[in-house]
Amino acid sequence: MYPTASTNTFEPSELAFLQRLFKDARASRGIAGDSLDEDDLAARIIELYQQGVRDEQCLHSRLGSGPTSR
């Protein structure tokens with residue numbers, strides 16, 4: 001469903017998946033909109049996804065307890 005090649009473009013299904021993941025991660029961390037933490041979280045999700053991490057549970061795990069955990 002999700003190709004493993006790293007690209008700069010995403011299919012609509014990938015965008016929907018990433019947006020849902022972002023909203024869940026943001027809510028679970030209590031991150032407010034329009035904040036640096038929100039930007040960091042979004043960047044980390046995209047970074048992991050482009051590295052080939054596609055499993056939702058694995059993404060949540062790799063995000064750690066905070067938006068910038070590595």
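This briefing covers the overall fold and then helix H2. The model is predicted: local features need pLDDT of at least 70, side-chain atom pairs count only at pLDDT 80 or more, and totals for chains, interfaces and linings use all residues. Residues are numbered from 1 along each chain as its sequence is written, and side-chain values use heavy atoms, with hydrogens and water left out.

**Overall fold**
- The protein has three helices and zero strands. Helices (H or I, at least four residues) and strands (E, at least two) are DSSP runs, numbered from the N terminus.
- Along the sequence the pattern reads α-α-α.

**Burial, contacts and surface**
- Of the 70 residues, 29% are buried, meaning under 20% relative accessible area with a 1.4 Å probe, protein chains only.
- Among contacts (heavy atoms within 4.5 Å) with a separation of 6 or more, 56% join residues 24 or more positions apart.
- The protein exposes about 4400 Å², and carbon and sulfur atoms supply 50% of that area. The area comes from the Shrake-Rupley method with a 1.4 Å probe.

**Helix H2**
- H2 covers residues 36-50, and its 15 residues should span 21 Å at 1.5 Å a residue. The expected span is 1.5 Å times one less than the number of residues. The end C-alpha atoms are 21 Å apart, which agrees.
- Buried in H2 are Glu-38, Leu-41, Arg-44, Ile-45, Leu-48 and Tyr-49. These residues lie on the same side of H2 because they cover an arc of only 130° around the axis. The arc is taken over directions from the helix axis to the C-beta atoms.
- Cover for the buried residues of H2 includes helix H1 (12-29) and helix H3 (56-63).
- Gly-52 follows H2 and has a positive phi, near 105°.

Technical notes. Buried < 20%, exposed > 50% of the residue type's maximum accessible area, 1.4 Å probe, protein only.
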